[in-house]
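Visitor: I am new to protein structures and would like to learn how the labels are given. Could you show me one and let me ask about the words?

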Amino acid sequence: LTRARALFQSPTRHGVGRHHAPTNCEEPLKPNWIHWRTKSGPGKGYGVVGFKPTTECETPVSSITHETELKYQYYGWWYTTSGIVDVESSTGASTSYLESKNVAHACTGEVETWFWGVVTGRISYMGKNYWAVVYPPKKRLNCKV
């Protein structure tokens, strides 16, 4: 629980306005693994790469939001695939889970490429916002960007 609470804090991560996660969120934000997406279709004939971050709370919160980027490395620099940041949210009286499913890139050929990601999560609960930033492990796949 201490580890999970430490994941959600102020967006600056430098102690300014620091908040802890609500106690009803044991494992609040998980980046999950970068992988070949099997249910996304063949893409452009070379497969689809992505990941599905999740936030889960035991009891409902006001809202959950993910801002997610799938990145690739090109000559030592990291770029966002398609230049798009995916934003998904879940709101309502019974919101306790969000899985972002739109984080994907259709490969255009076969070239060994390093992929990485970043997820900024926000939980709104009892009038306060709780933030976290997590990263899935880097993964090398045979996918031209």
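Visitor: Why is Tyr75 called exposed?

Guide: Tyr75 has a relative accessible area of 70%. Buried means under 20% relative accessible area, exposed over 50%, and partly exposed in between, with a 1.4 Å probe and protein chains only. The 70% of Tyr75 is over 50%, so the word is exposed. Please keep in mind that this is a predicted model, where local features need pLDDT of at least 70 and side-chain atom pairs count only at pLDDT 80 or more, while totals for chains, interfaces and linings use all residues. Residues are numbered from 1 along each chain as its sequence is written, and side-chain values use heavy atoms, leaving out hydrogens and water.

Visitor: Where does Tyr75 lie?

Guide: Tyr75 is in the loop between strand 4 (54-74) and strand 5 (77-80). Strands here are DSSP runs of E with at least two residues, and helices are runs of H or I with at least four, numbered from the N terminus. Tyr75 also has a positive phi of about 50°, although it is not a glycine.

Visitor: What makes Met126 count as exposed?

Guide: Its relative accessibility is 71%, so Met126 goes on the exposed side of the cut-off. Met126 sits in the loop between strand 8 (112-125) and strand 9 (128-134). Those two strands form a hairpin with 2 residues between them, and Met126 in the turn has a positive phi of about 55°.

Visitor: How do you know that strand 8 and strand 9 pair?

Guide: Two strands pair if DSSP finds at least two bridges between them. Strand 8 and strand 9 have 7 bridges, in the antiparallel sense, so they meet the rule. Within this pairing, Arg122 stands opposite Trp131 in strand 9.

Visitor: Which residue in strand 8 is the bridge partner of Thr65?

Guide: That partner is Arg122. Strand 4 and strand 8 run antiparallel and are joined by 10 bridges. Strand 8 also pairs with strand 10 in the antiparallel sense, over 4 bridges, and Thr113 stands opposite Leu141 in strand 10.

Visitor: What makes Arg122 a charge over the ring of Trp131?

Guide: The rule asks for NZ of Lys or CZ of Arg within 6 Å of the ring centre and within 35 degrees of the ring normal. The charged end of Arg122 is 5.9 Å from the centre of the Trp131 ring, and it sits over that ring. Lys138 likewise lies over the face of Trp116, at 5.3 Å from the ring centre.

Visitor: Why are Trp78 and Trp116 called a tilted pair?

Guide: Rings of Phe, Tyr and Trp (its six-membered ring) pair if their centres lie within 6.5 Å; planes under 30 degrees apart count as stacked, over 60 as edge-to-face and the rest as tilted. By this rule the count comes to 4 aromatic pairs. For Trp78 and Trp116 the values are 5.4 Å centre to centre and 55° between the planes, so they are a pair, and a tilted one. Trp78 is in strand 5 and Trp116 in strand 8, 38 residues apart. Both residues count as partly exposed: Trp78 has 26% relative accessibility, and Trp116 has 23%.

Visitor: What makes the pair of Trp116 and Tyr135 stacked?

Guide: Their planes are 15° apart, with 5.4 Å centre to centre, so the pair falls under the stacked cut-off. Tyr135 lies in the loop between strand 9 and strand 10 (139-142), 19 residues from Trp116. With a relative accessible area of 45%, Tyr135 is partly exposed. Trp78, Trp116 and Tyr135 form one aromatic cluster.

Visitor: How do you know that Cys107 and Cys143 form a disulfide?

Guide: A disulfide is a pair of cysteine sulfur atoms within 2.5 Å. The sulfur atoms of Cys107 and Cys143 are 1.9 Å apart, so the pair qualifies. The structure holds 1 disulfide. Cys107 is in the loop between strand 7 and strand 8, and Cys143 is in the segment after strand 10, 36 residues apart. The link is left-handed, with -105° about the S-S bond.

Visitor: Are these two cysteines buried or exposed?

Guide: Both Cys107 and Cys143 are buried.
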